[in-house]
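Open the model in your viewer and keep the selection tool ready. This tour moves from stop to stop.

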Amino acid sequence: MTSDIPPQRLDARTEPSLLGLHRFNEADSGAVEEALLACCGSHRWALRLTAHRPYPDIESLLAAASEASYDLRPADLAEALADESWMPQPLLGMRAPGSQAAHTALRAAHAAYEARFGHVFVVCLEGVDPEEMLDAVLTSIRTRLANDPDEERLTSAEELRRIALSRLEHLVAVKN
């Protein structure tokens with residue numbers, strides 16, 4: 001939804017979907033940058049989005065985030081992937097329901113992936129049912145193990161872009 005309401009004129013009658021964006025646009029730059037780094041671990045990406053505020057609508061913010069993702073240099077991508085690897089979470093897919101054998105296979109696939117490509121495996125699971133996550137991750141990681149390093153760098157960048165957009169949407173969502 002597009003709105004012509006300037007940020008300073010937002011009030012109780014404002015479209016509720018814009019309230020989270022208003023907070024994002026009006027927040028201190030340091031706080032916004034920190035919040036954006038939780039969406040994508042590239043400082044260049046976060047700085048670019050912070051510097052271009054205010055955004056008139058959520059679609060504009062997401063478009064800018066997507067464009068900034070496509071402009072990541074190899075060092076920016078490496079920084080974002082390194083940030084994903086230190087996040088305190090279990091290996092992707094390990095919380096999904098599944099057999100012991102499937103979880104063992106997933107641990108082995110993650111280890112093989114990291115050994116081959118030198119970074120953590122990333123995949124956007126937006127819209128995947130929890131019952132299907134383990135299979136989705138295992139299938140994706142096994143398929144991508146066959147990629148050459150350049151092809152996998154592009155695939156990882158695209159998955160990070162999708163993950164960042166999803167996180168960004170949650171960041172500016174209205175919180176009651």
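Is Asp-150 buried, partly exposed or exposed? Select Asp-150: the residue is partly exposed, because its relative accessible area is 47%. Buried means under 20% relative accessible area, exposed means over 50%, and partly exposed lies in between (1.4 Å probe, protein chains only).

Before the next stop, some ground rules. This is a predicted model, where local features need pLDDT of at least 70, side-chain atom pairs count only at pLDDT 80 or more, and totals for chains, interfaces and linings use all residues. Residues are numbered from 1 along each chain as its sequence is written, and side-chain values use heavy atoms, with hydrogens and water left out.

**The whole chain**

Show the chain as a cartoon. The secondary structure comes to eight helices and zero strands. From the N terminus on, the order reads α-α-α-α-α-α-α-α. Helices (H or I, at least four residues) and strands (E, at least two) are DSSP runs, numbered from the N terminus. The protein chain has 176 residues, and 43% of them count as buried.

**Salt bridges**

A salt bridge is a side-chain nitrogen of Lys or Arg within 4 Å of a carboxyl oxygen of Asp or Glu. Side chains of opposite charge can pair when their charged atoms come close. Both Arg-153 and Asp-150 sit in helix α8 (residues 149–171), three residues apart, about one turn of the helix. Arg-153 is partly exposed, with a relative accessible area of 37%.

How many salt bridges are there by this rule? The count comes to nine.

Next, select Arg-44 and Asp-76. They form a salt bridge, and their closest N and O atoms are 3.1 Å apart. Arg-44 lies in helix α3 and Asp-76 in helix α5, so this pair ties together parts that are 32 residues apart in sequence. Arg-44 is partly exposed at 33% relative accessible area. Asp-76, at 5%, is buried.

Move to Asp-71 and Arg-48. Here the side chains meet in a salt bridge of 2.6 Å, N to O. Asp-71 is in the loop between α4 and α5, Arg-48 is in helix α3, and the pair links distant parts of the chain, 23 residues apart. Asp-71 is partly exposed, with a relative accessible area of 34%. Arg-48 counts as partly exposed at 24% relative accessibility.

**Aromatic pairs**

Show the rings of Phe, Tyr and Trp. Rings (for Trp, the six-membered one) pair if their centres lie within 6.5 Å; planes under 30 degrees apart count as stacked, over 60 as edge-to-face and the rest as tilted. By this rule there are three aromatic pairs.

Select Phe-24 and Tyr-55. This aromatic pair is tilted, with 6.3 Å centre to centre and 40° between the planes. Phe-24 lies in helix α1 (residues 19–26), and Tyr-55 in the loop between α3 (43–51) and α4 (58–70), so the pair ties together parts that are 31 residues apart in sequence. Both Phe-24 and Tyr-55 are buried.

Then select Tyr-113 and Phe-117. They form a tilted pair, 4.8 Å centre to centre, with 50° between the planes. What separates Tyr-113 and Phe-117 along helix α6 (residues 100–117)? About one helical turn, because they are four residues apart. Tyr-113 counts as buried at 0% relative accessibility. Phe-117 counts as buried at 14%.

**A cis bond**

Zoom in on Arg-53 and Pro-54. The peptide bond from Arg-53 to Pro-54 is cis, with omega near 5°. Pro-54 lies in the loop between α3 and α4.

**Across the fold**

Select Ala-78, found in helix α5 (residues 74–86). At 45% relative accessibility, Ala-78 counts as partly exposed. Ala-78 and Ala-157 are 79 residues apart in sequence, and 9.5 Å apart in space, C-alpha to C-alpha.
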